[in-house]
Amino acid sequence: MHFATLFKQLDQTTKTTVKVEALVDFFKKAPDRDKLWAIAILSHRRPKRTVKTSELRAWAAETAGVPAWLFEESYHVVGDLAETIALLLPPPKEKLETRLSDLIDIIKNLKGAEEEEKKETIIEIWSKMDAIERFVFNKLITGGFRMGVSQKLMMKALAKTTSQEESQIAHRLMGNWSPDETTFQKLIVEDHPLDDVSKPYPFYLAHPLEDGPDDLGAESEWVAERKWDGIRGQLIIRKNEWFLWSRGEELVTDKFPELEPLCDAIPNGTVLDAEILPFKNGIPLTFNDLQTRIGRKNVTKKILEAAPVVLMAYDVLEWEGKDIRDQPLEKRRVILEKLTSNPLTSDLLKLSEKVFFSKWEELKEVREKSREFHSEGLMLKRKDSPYLAGRKRGDWWKWKVDPLTVDAVMLYAQSGHGRRANLYTDFTFAVWDGDNLVPFAKAYSGLTDKEFNEITRWVRKHTKERFGPVRSVDPELVFEIAFEGINESSRHKSGIALRFPRMLRWRRDKPASEANTLQDLHQMLEQYG
């Protein structure tokens with residue numbers, strides 16, 4: 001099966017060029033319908049699950065001839081159901097040569113079938129596959145496919161295979177298309193009338209400024225703006241059509257319908273670099289508010305009212321149909337200021353205003369107050385800089401505010417995945433509420449492999465209870481948890497939700513009794529939420 005070979009190739013490398021070459025080889029050799037389903041899977045358009053995982057576990061244990069408890073223990077060690085089944089099943093009796101699209105059809109046809117029919121079908125296919133093919137098949141059944149390749153890499157490979165621009169491929173993959181309703185030829189190969197009209201420019205990305213701006217030279221050469229906490233986007237107005245691209249090269253026009261009036265208010269031949277920012281009653285909302293809209297297929301009236309957005313404009317890349325990226329920032333800025341001053345656009349299009357300063361010391365004080373303006377920090381841009389492509393060092397810098405931190409107690413530990421499947425790396429943390437510990441955050445990054453190994457040994461010695469792959473542990477270890485923002489949440493017992501929580505360090509010097517309290521978090525919420 002071409003798709004299983006592709007998965008194996010992608011799983012065995014971390015090199016981007018090798019992954020792209022493997023994808024190109026697949027798109028050249030595979031049947032068109034397999035190509036289409038591979039694109040769908042990598043675009044998160046997986047077939048709906050038609051078999052319960054509990055059924056798969058029972059059938060696999062029976063076929064492998066192992067008791068259910070041993071299967072479950074093996075699953076907890078491996079950390080992945082599809083891989084556990086693939087490893088435990090006996091070698092194939094004969095090889096089945098099949099296509100990805102055929103397997104998809106089999107999975108879809110199991111919908112509504114009796115359990116015995118499902119069991120016979122699945123076991124029959126398992127008996128004719130090797131371990132890699134079984135793993136891929138199991139992933140398709142359970143709907144949890146992860147191939148270690150981004151949609152952007154897939155688009156790069158498709159562009160290379162078909163001699164098209166990546167932006168054209170990105171545009172073609174937007175919307176609610178289904179492999180059941182189109183063909184590879186229609187979706188990818190045939191000409192689309194709006195390909196050139198919707199084509200975006202590569203984004204210019206800033207480097208993080210770690211040690212402050214003192215080494216950047218004269219203050220007079222720089223412009224400062226706030227770093228807004230939304231989704232970076234590019235608005236394109238051409239031929240009376242409007243398109244909104246995210247920085248991840250996803251066309252998100254249909255996700256933000258309230259911005260459509262800008263198509264009539266902004267002249268044709270305009271491309272803006274901006275932040276899609278939740279904004280209500282004259283102030284920015286939090287990224288947590290924006291998350292209520294991300295990933296939803298349908299944007300309801302209720303969602304639009306709760307989390308409306310504006311475009312906070314940073315730059316203009318195209319004006320009157322001409323590419324002006326090579327012009328100095330100051331000159332582009334004059335055009336942007338004129339455009340955003342139009343009263344017809346003022347409700348939906350805002351100017352990311354300059355932060356005025358004369359000395360770096362003044363700017364340091366401004367940065368420290370960033371959260372009061374619902375921003376992540378500051379952007380520093382050289383006044384004479386062109387708009388470049390990618391992350392170029394020297395002219396654009398992002399100077400983020402220091403993260404918020406609390407000391408918390410580990411309550412639960414769970415094993416990781418992949419190369420960390422035998423280590424405990426995913427932890428649940430709690431703070432004190434009186435004499436009780438209340439869970440408030442999960443984190444899995446920030447420590448070294450050496451620390452994860454040490455913590456794993458500790459967890460095995462201090463486990464109190466087991467809940468499948470999760471272990472409750474003695475509440476003794478304290479960690480400093482860093483996070484970018486804090487919001488109120490009705491979904492969490494603590495009433496708190498953190499943005500990007502991670503472990504900053506293991507506080508070996510601190511007893512659990514000295515960890516922070518829930519009251520401390522609520523005070524942070526009042527100050528920064």
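Predicted model: local features only at pLDDT ≥ 70, side-chain atom pairs only at ≥ 80, totals over all residues.
User: Which residue in E6 stands opposite isoleucine 231?

Analyst: Strand E6 covers residues 270-280 and pairs with E4 in the antiparallel sense. The pairing runs over 7 bridges. Opposite isoleucine 231, E6 places isoleucine 276.

User: Which residue in E5 stands opposite glutamine 234?

Analyst: E4 also pairs with strand E5, residues 241-246. This pairing is antiparallel too, over 6 bridges. The residue of E5 that stands opposite glutamine 234 is tryptophan 245.

User: What is the phi of lysine 239 in the turn between E4 and E5?

Analyst: E4 and E5 form a hairpin, with 2 residues between them. Lysine 239 is in that turn, and its phi is positive, at about 50°.

User: Is asparagine 240 buried or exposed?

Analyst: Asparagine 240 is found in the loop between E4 and E5. Its phi is positive, about 60°, although asparagine 240 is not a glycine. Because its relative accessibility is 60% and the cut-off is over 50%, asparagine 240 counts as exposed.

User: Where is serine 163, and is it buried or exposed?

Analyst: Serine 163 has a positive phi of about 60° without being a glycine. Its place is in the loop between helix H10 (151-162) and helix H11 (166-172). With a relative accessible area of 68%, serine 163 is exposed.

User: Which element supplies the largest share of the lining of the largest cavity?

Analyst: A search of the whole structure finds 2 cavities of 30 Å³ or more, and the largest holds about 250 Å³ of space. Of the 16 residues that line the largest cavity, the closest to its centre are Asp229, His374, Glu484, Gly485 and Tyr528. Strands E11 (375-382) and E20 (485-488) each supply at least two residues of this lining. The largest share, 3 residues, comes from E20.

User: How many residues of the lining of the largest cavity are charged?

Analyst: The lining of the largest cavity divides by class into nonpolar, polar and charged residues. There are 5 nonpolar and 6 polar residues. The charged residues number 5.

User: Which element gives the largest share of the lining of the second largest cavity?

Analyst: The second largest cavity has a volume of about 40 Å³. Val223, Glu225, Leu329, Glu330, Arg333 and Lys354 line the second largest cavity. Two elements give two or more residues each to this lining, strand E3 (222-228) and H16. The largest share, 3 residues, comes from H16.

User: How many charged residues has the lining of the second largest cavity?

Analyst: By class, the lining of the second largest cavity has 2 nonpolar residues and no polar ones. The number of charged residues in it is 4.

User: Is arginine 333 buried or exposed?

Analyst: Arginine 333 lies in helix H16, residues 329-340. Beyond its neighbours within four places in sequence, arginine 333 is in contact with Glu225, Tyr314, Leu351, Ser352, Glu353 and Lys354. Because its relative accessibility is 7% and the cut-off is under 20%, arginine 333 counts as buried.

User: What separates the C-alpha atoms of valine 478 and lysine 302?

Analyst: Valine 478 is in strand E19, residues 478-483, and is buried, with a relative accessible area of 1%. Its contacts outside four places in sequence include Asp407, Trp506 and Pro511. Valine 478 and lysine 302 are 176 residues apart along the chain, and their C-alpha atoms are separated by 41 Å.

Terms used: Residues numbered from 1 in each chain as written. Heavy atoms only, no water. Helix = DSSP H or I, 4+ residues; strand = E, 2+ residues; numbered from the N terminus. Buried < 20%, exposed > 50% of the residue type's maximum accessible area, 1.4 Å probe, protein only. Contact = heavy atoms within 4.5 Å. Pairing = 2+ DSSP bridges. 1 Å grid on protein atoms, 1.4 Å probe; cavity = no way out; pocket = protein on both sides within 12 Å on 5 of 7 lines; lining within 4 Å. Points joined across faces, edges and corners; volume = space filled by probe spheres on them. Nonpolar A, V, L, I, M, F, W, Y, C, P; charged D, E, K, R; others polar.
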